[in-house]
Amino acid sequence: MPDIETLLHEKRVFKPSSEFAKRANWSKKTTNEYRKLGAKSPERFWAKMAREYVTWFTPWKQVLRWKPPFARWFVGGKLNVSYNCLDRHLEGENAWRRNKAAILWEGEPGDSRTLTFAELHREVCKFANVLKDLGVKKGDRVALYMPMIPELAIAMLACTRIGAPHSIVFGGFSAEALRDRINDAGARTVVTADGGFRRGKSVLLKAAVDEALTGAPGVENVVVVRRTGDPVAMQSGRDRWWHDVMAEASAKCPPAKLDSEHPLFILYTSGTTGKPKGVLHTTGGYLTHVASTSHAIFDLKEDDTFWCTADIGWVTGHSYVVYGILANGATTVMYEGAPTHPGPDRLWSIVEKYGVTVFYTAPTAIRTFVRLGDEHPKKHDLSSLRLLGTVGEPINPEAWMWYHRVIGGRRCPIVDTWWQTETGGILITPLPAAVNTKPGSATLAFPGIAADVYTEEGVPVRPSDGGFLVLTKPWPGMLRGIWGDPQRYREQYWSKFENIYFAGDGAHRDRQGYFWIMGRIDDVMNISGHRLGTMEVESALVSHEDVAEAAVVGRPDDLTGTAIVAFVTPKGGIRVDGELVGTLRDHVAHQIGAIAKPADIRFTDALPKTRSGKIMRRLLRDIASGRETVGDTTTLEDYSVLARLRESDET
Ligand code: PRX
C-alpha cells in the first residue's frame, strides 16, 4: 500500500493521492489559503463562501451580528433555498442542467424514479401551491412524517419556496413522539404517506398520524401520498390525497424572497432531559454552510452521483441528501428501505446500478457490513466510487481500514466528518486533497471554524489530554435557538463556558492538532449514529403502569456503538418475568420508536443513589458493561444495592 507511511496501529497516515488532488475542487493551495483567511477573519471567509455558493436576491448589509449566544448571519440579505437548489440550475449558463438527474430514487421493492432538475422544480412549485391553497403562510410550520420517497424532498423544497419552516419527524418514530413534535412546533399541516417499505413490510405511517392527531387538535390538514397501497382511513375535510391535490395545482410559483434569518426548519433532537429539543435553523447561513462544505468535502463535480444513506428524518439527510447537494446542482441518490434487504448486498447493488461516485454513510452500517462478510461487496463492481465519507459516531480504526480496503479499493480518500443536528453542517473533517487522514480521527476543523478542546477550567488542554469539545466562535450553520425555549438554548449549549459553544462531546488532539472525538460525555447515548437521551427512555419506561422507577445507561456495543441497558424497579407485587421484559420493550417502542428499545432490561428492587437521591449512573454504566466499579462510591447511600445489582446480572 503505497499510500501508507507507517503501518503502526493508530500511526497510520494516508496521504491524498496526487491523481485525486490534481482534480480536486479545493486544492491544497486553495484549502491553505482559506484556512489562513478563516483563522484571520472567519467573517471574511464565510462572506466569500456566501458569494460563491449562494445566489442572493438582495445582498446582505452585515456578515455577522453576534450578541452571544444569538447570532445573525448575512443580515439584510434575501434569498430562497428552493431557488438555489432548483431554479438557478434551469437558467443562464446552467440551463443545460434542466434535464440532468437531480434525484435518483430507489424504492425498497426495486422500483425506481428519476427526477430531473426541471421535473423536480415543477413538482416543488405545484406542491408549494397546494400548501398555499391549504392556507399555509410564510412562517407556518409544516410537519413531514414520510418515508424516503421523492415526495419528501418535494415537500421540503416546497416549504422553503413559500417560507414555511418544515419539521420533519423520522418515520421510525412512534405516534406519541410525532404528537409531541407536532404540538411543540404548533404545526397545522401534516404531510405523510399511507406507509413506506422497510424490510419487505410496510410501515403504516398514516395510521400513526391518525393516532397522533387524537391529541393534536391544532392540525387542520393532512396530505397523504399513496406509496404502499395499504388501506387508510381518510377523514373528510381534513385528509387529502397528494395525487388529487397535485392534479389541480399550478406549476407556477415564484420563490418567496426571504430574509437570511427566516426560519428554514425545526428538527427535534434528544437532550439530557426527557423533552426533545426543537433545533431551529435559518436560511442564509445554513445554506452557505451546507453548500460550501458539500462542494469542498465531497468534492462534488458535475458528473458525480452522490449517495448519502441517511434518512432525511435526521439532520444528515436534510443537509447532505437534499440541501447541500442540490444547491451544487449535483445528482443525489435516495433509497427508501433497509440496507440489507432483500440481501446483505443491497447497498452495493445500488452503488453499481447508479454508478455512485461519492458515498457517505455511518460507522454502524460499516460495522454491520464488516460482520456480514467481504463476499457481498465483492459481488459488485464498485469501481465508480472515488470518495467515501462517514458521520454520526467515532469510527473504529479497523472499520475505517475495512472501508478503505474493501469498499474504497484503497484508492478512495475517506472523510470522517464530525458535526451535529445543532451545527447544521460539517465542522471537523478532512479536506480530501489537502489533509492527510488517520483512521479514527476526524482530523481538522473546516476553514472558518474555531474548534478547540477545553479543560474543566475553560482553557485549551495540553496536547494529547482529553477534554470538552468546544466551538469558540459562531459559524453560519449554527442553530439559532431551541424552538420556543431561549432559556434552554442558553443553558444547554452556552453555560458551561462563557460565550463558548459546548457540543457535549469529549475529545483530544494529537501533536499535529488532529481531533479524536471520544463520544458524548452527557446523558445522551449515541445508538447507531442517532442521539437518544437516557431521560427520554426512562420517562417512557416509567409511564408504564408496572414500573416504579427506571434508570437507563449505555454500554459499548460492537454493532450499534452503544446499546441501551435499562435498570427497572417494578411496582410492588408485579411479577418479574420474560413477558414483562417484552412488554416494556414494546412499550418503549410505542412511546418513542423501535430505535429506543432497550437491549437489556434488568430488574432491581433499588437503584444506586447518592444521599441526595441522585441516581449514580456511573456505577450503572460499569455494571451494564460488566466492568469492575472504579472510582468513588463514598456518596452511595446503600452499599448493598450494588451487590444486589451485580447478582441480578448473574441470574
Ligand atoms: O457525539 C457526536 C456524534 O454524533 C453527535 C451528533 O448527533 P446528531 O445530532 O444526531 O447528528 C449526527 C449526524 C451529524 C455528536 O455530538 N458524531 C457525529 N459525527 C461524528 C460523531 N462522533 C465522532 N465522529 C464523528 N465523525
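Predicted model: local features only at pLDDT ≥ 70, side-chain atom pairs only at ≥ 80, totals over all residues.
This is a short walk through the structure, from its domains to its strands and then to its ligand.

Residues are numbered from 1 along each chain as its sequence is written, and side-chain values use heavy atoms, with hydrogens and water left out.

Let's start with the domains. The assignment, whose bounds come from an automatic or database source, gives domain 1 (115–256) and domain 2 (524–650). Taken over C-alpha atoms, their centres are 36 Å apart. Seven residues of domain 1 touch seven residues of domain 2, where contact means heavy atoms within 4.5 Å.

Next come the strands. Helices (H or I, at least four residues) and strands (E, at least two) are DSSP runs, numbered from the N terminus, and two strands pair if DSSP finds at least two bridges between them. Eight strands build an open sheet with mixed pairing, in the order β12-β11-β8-β6-β7-β14-β15-β23. At its edges, β12 (239–241) and β23 (481–482) each pair on one side only. Within the sheet, β8 (residues 189–193) and β11 (residues 221–225) run parallel and are joined by five bridges.

Finally, turn to the ligand. Around it are 17 residues, of which Asp416, Thr417, Thr421, Arg520 and Arg531 come nearest; a residue counts as near if one of its heavy atoms lies within 4 Å. At least two residues of this shell come from each of α11 (315–327), β20 (414–417) and β25 (515–520). By class, the shell holds six nonpolar, six polar and five charged residues. The nonpolar class is Ala, Val, Leu, Ile, Met, Phe, Trp, Tyr, Cys and Pro, the charged class is Asp, Glu, Lys and Arg, and the others, Gly among them, are polar.

A backbone N or O atom of Thr417 is 2.7 Å from a ligand nitrogen atom. A polar side-chain atom of Arg531 lies 2.7 Å from an oxygen atom of the ligand, and a side-chain N or O atom of Asp505 is 2.8 Å from a ligand oxygen atom.

Note on methods:
Polar contact = N/O pair within 3.5 Å; in protein donor to acceptor, adjacent residues only side chain to side chain.
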